[in-house]
Amino acid sequence: MIDLLDRFDTFRSSNLIQLDTLVSVNDLQRCGLHPTFGVVPLSQLLASWVVHDLNHLGQVVKTMAKQYADAIGPWRSFLPIVDAP
C-alpha cells in the first residue's frame, strides 16, 4: 500500500508541475465544449478534477475505517464511517 501511495504522490506532483506550466490564472475562464454539458469554463473542469480526487480519498478512508469495525467496540454507533456504503 505504501508503494502505491508513493507512486501516486510522484505522479501527482509531476502532473501538477506540468499543469502549472500549461495553465495560468488567465486561462481559467477559457471555455471548451463538453458533449453532455455544452460550453464549460476550464475552471469548472479543474474543480471537478479536485472533487474527483477527493471522492477517491473518501473511498480510501471508508475502506480503511471498515478494517476497525470490530476493534472499536461500542463506539461503532458514534462512528458511522465504519458502516458507510
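Analyst: Happy to. Keep in mind that this is a predicted model.

User: Which residues make the nonpolar surface patch, and what is its area?

Analyst: I2 is one of the residues in this patch, and the others are M1, L5, V60 and M64. Two elements, α1 (2–22) and α2 (42–66), each give two or more residues to the patch. As for the area asked about, the patch covers about 510 Å².

User: How many salt bridges does a search of the whole structure find?

Analyst: Let's take them by name. D53 pairs with R12, R30 pairs with D27, and D83 pairs with R76. For the whole structure, the search gives a total of three.

User: How far apart in sequence are the parts that the pair of D53 and R12 ties together?

Analyst: The side chains of D53 and R12 meet in a salt bridge, with N to O at 2.3 Å. R12 itself is partly exposed, with a relative accessible area of 32%. D53 belongs to helix α2 and R12 to helix α1, so this pair links parts whose separation in sequence is 41 residues.

User: Is D27 buried or exposed?

Analyst: D27 is found in the loop between α1 and β1 (31–34). Its relative accessibility is 17%, and buried means under 20%, so the class for D27 is buried.

User: Which backbone atom does the side chain of D27 reach, and at what distance?

Analyst: Let's look at what surrounds D27. Leaving aside neighbours within four places in sequence, D27 is in contact with L22 and L42. D27 also forms a salt bridge with R30, where the closest N and O atoms are 3.8 Å apart; R30 is exposed, with a relative accessible area of 56%. The backbone atom in question is the nitrogen of S24, which the D27 side chain reaches at 2.8 Å.

User: Which residue in β2 does L33 stand opposite?

Analyst: Strand β2 covers residues 38–41, and four bridges join β1 to β2, the two running antiparallel. Together β1 and β2 form a hairpin with three residues between them. Within β2, the residue opposite L33 is V39.

User: Where does V82 lie, and which residues does V82 touch?

Analyst: V82 lies in the segment after α2. With a relative accessible area of 6%, V82 falls under the 20% cut-off and is therefore buried. Not counting residues up to four places away in sequence, V82 touches A65, K66, A69, I72 and R76.

User: What separates the C-alpha atoms of V82 and I72?

Analyst: I72 is one of the residues that V82 touches. Along the chain, V82 and I72 are 10 residues apart. The distance separating their C-alpha atoms is 9.6 Å.

User: How far apart are the closest N and O atoms in the salt bridge of D83 with R76?

Analyst: R76 is among the residues that V82 touches. At 30% relative accessibility, R76 counts as partly exposed, and D83 is partly exposed as well, with a relative accessible area of 46%. In the salt bridge that D83 forms with R76, the closest N and O atoms are apart by 2.5 Å.

Definitions and conventions: Residues are numbered from 1 along each chain as its sequence is written. This is a predicted model: local features need pLDDT of at least 70, side-chain atom pairs count only at pLDDT 80 or more; totals for chains, interfaces and linings use all residues. Side-chain values use heavy atoms; hydrogens and water are left out. Patches are made of residues with over 30% relative accessible area and no salt bridge: like charges are joined within 9 Å, nonpolar side chains (Val, Leu, Ile, Met, Phe, Trp, Tyr) within 5 Å. Accessible areas come from the Shrake-Rupley method with a 1.4 Å probe; for residues, only the protein chains shown count as cover. A salt bridge is a side-chain nitrogen of Lys or Arg within 4 Å of a carboxyl oxygen of Asp or Glu. Buried means under 20% relative accessible area, exposed over 50%, partly exposed in between (1.4 Å probe, protein chains only). A polar contact is a pair of N or O atoms within 3.5 Å; within protein, one must be able to donate a hydrogen and the other to accept it, and residues adjacent in sequence count only if both atoms are side-chain atoms. Contact means heavy atoms within 4.5 Å. Two strands pair if DSSP finds at least two bridges between them.
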